[in-house]
Amino acid sequence: MLFTEVRGLPVVPSAAGAGPLGTVASLDVDVAGRGVRHVRLRGGRLRRETALAWEAVEAIGPSTVRVRSTARPGPAPAGHDLLGHRVLTEGGTSHGTVLDVAFDPVTGRLLAVFTTRGEVTPGRLMGLGDHALVVRTA
Amino acid sequence: MNELMAARSITTRPVVTLGGDAVAHVKDTVCDAAAARVTGFTLTGRGLLSGPLKDGLPWAAVHALGHDAVMIRDPLALVNAAAMTARQQPLRARLLGARVLTEAGSEVGTVLDVVVEGGTGGRVLGFRVAASRRFVPGQTRHRRRVYVPRGGTLTVSGRDLVLPEDAVRHVADDLPGFGSLVGGVPGQWRGSLP
């Protein structure tokens with residue numbers, strides 16, 4: 001599944017009759033663990049962004065993200081959205097920007113990062129900071 | 001062969017950790033007394049109005065000098081810039097504008113820029129020189145800018161750089177041409193054809 005497909009999906013608790021918590025704003029990535037760490041969601045136009053840990057997610061379907069009924073979104077941790085982020089190689093040359101990220105919706109593991117200059121395997125990711133996503137030179 | 005870059009183009013390049021965070025921008029390049037290698041960089045802050053930083057970046061902390069960023073391993077590896085530039089002066093202060101002479105004493109020109117090797121090497125490979133009229137004859141209207149290789153034995157005397165005679169036998173017109181010249185392909189023969 002792709003990050004751009006998940007963005008904007010409603011986040012719904014699995015308990016019957018519960019209303020949606022909000023919509024997915026972005027997914028936070030743990031670069032060292034090569035997986036999704038948080039789901040950031042937005043409650044409304046004027047609401048602040050909140051975050052849910054990946055463990056609270058039960059299933060990601062094509063039209064909804066189902067989360068545990070006990071899950072309460074907490075304040076969003078500091079992090080950087082991968083989509084649109086600048087990519088630099090270890091050697092300091094530009095590698096375009098991130099177009100999309102493929103991930104496994106069951107485990108949250110990253111499968112591939114698609115940049116404007118080609119695909120990057122998750123094993124090559126080194127760090128994600130305020131300036132760029134740093135990747136190892138192939 | 002790593003990418004060649006002009007030292008003045010390194011100014012304003014961001015200094016990025018391997019974790020992806022930008023720490024500072026490069027203000028100037030510092031090289032050693034013999035103009036043989038880059039020994040570090042002085043830095044400015046990241047904001048629009050932030051001035052020069054008190055910290056300098058020593059070459060030992062640089063992971064790679066790239067086309068779009070200077071990559072460093074550890075953001076805490078910065079040293080005091082005053083200590084770094086006490087014996088080795090930044091480029092702008094010392095090398096730019098220096099006269100280039102040959103060992104025979106003929107004038108080559110004045111230094112406009114310094115060509116350094118990117119990647120992990122950090123060697124100074126040559127100079128971009130505003131050639132004097134006698135060195136590169138041509139139209140009097142426009143001054144010629146040529147790339148002169150550093151050569152093995154360069155001596156610095158005061159503000160002058162003295163190159164060995166055979167280093168200036170071949171010169172290049174542009175940076176790609178200079179790259180192949182340093183890589184072993186002879187550039188254009190200076191002077192009349194044999």
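Where is the place of Leu65(B) in chain B? That is where the first view begins, after two housekeeping notes. This is a predicted model, where local features need pLDDT of at least 70 and side-chain atom pairs count only at pLDDT 80 or more, while totals for chains, interfaces and linings use all residues. Residues are numbered from 1 along each chain as its sequence is written, chains are lettered from A and ligands numbered from 1 in the order in which they are written, and side-chain values use heavy atoms, with hydrogens and water left out.

View 1. Leu65(B) sits in strand E6 of chain B; helices (H or I, at least four residues) and strands (E, at least two) are DSSP runs, numbered from the N terminus. With a relative accessible area of 2%, Leu65(B) is buried (buried is under 20%, exposed over 50%, partly exposed in between, using a 1.4 Å probe and protein chains only). Setting aside neighbours within four places in sequence, Leu65(B) is in contact with residues including Met5(B), Phe41(B), Trp59(B) and, across in chain A, Gly91(A); contact means heavy atoms within 4.5 Å. Met5(B) is 60 residues away along the chain, and its C-alpha atom is separated from that of Leu65(B) by 9.6 Å.

**View 2. Where chain B meets chain A.** Here 17 residues of chain B are in contact with 15 residues of chain A. About 1100 Å² is buried between the two chains, with carbon and sulfur atoms giving 56% of that area; buried area is the accessible area (1.4 Å probe) that two parts lose on being put together, summed over both. Look for the one salt bridge that the rule finds across this interface: the side chains of Arg46(B) and Asp130(A) form it, at 3.3 Å from N to O. (A salt bridge is a side-chain nitrogen of Lys or Arg within 4 Å of a carboxyl oxygen of Asp or Glu.) The rule also finds 13 residue pairs in polar contact across the interface, both residues being at pLDDT 80 or more. A polar contact is a pair of N or O atoms within 3.5 Å; within protein, one must be able to donate a hydrogen and the other to accept it, and residues adjacent in sequence count only if both atoms are side-chain atoms. On the side of chain B that touches chain A, strands E2 (14-17) and E6 (62-65) each supply at least two residues.

**View 3. Thr89(A), in strand E8 of chain A.** Strand E8 covers residues 86-89 of chain A. Thr89(A) is buried, with a relative accessible area of 7%. Its side chain and that of Thr93(A) are joined by a polar contact of 2.8 Å. Not counting residues up to four places away in sequence, Thr89(A) touches Met71(B) as well as His95(A), Val134(A), Val135(A) and Thr137(A).

**View 4. Asp32(B) and Ala35(B), in a loop of chain B.** Asp32(B) lies between strand E3 (22-31) and strand E4 (38-44), and Ala35(B) has its place in that loop too. A polar atom of the Asp32(B) side chain lies 2.9 Å from the backbone nitrogen of Ala36(B). Ala35(B) is buried, with a relative accessible area of 0%, and its phi is near 55°, a positive value in a residue other than glycine.

**View 5. Arg34(A), in a loop of chain A.** This loop runs between strand E2 (22-30) and strand E3 (35-42). Arg34(A) has a positive phi, near 55°, and is not a glycine. Arg34(A) is partly exposed, with a relative accessible area of 35%.
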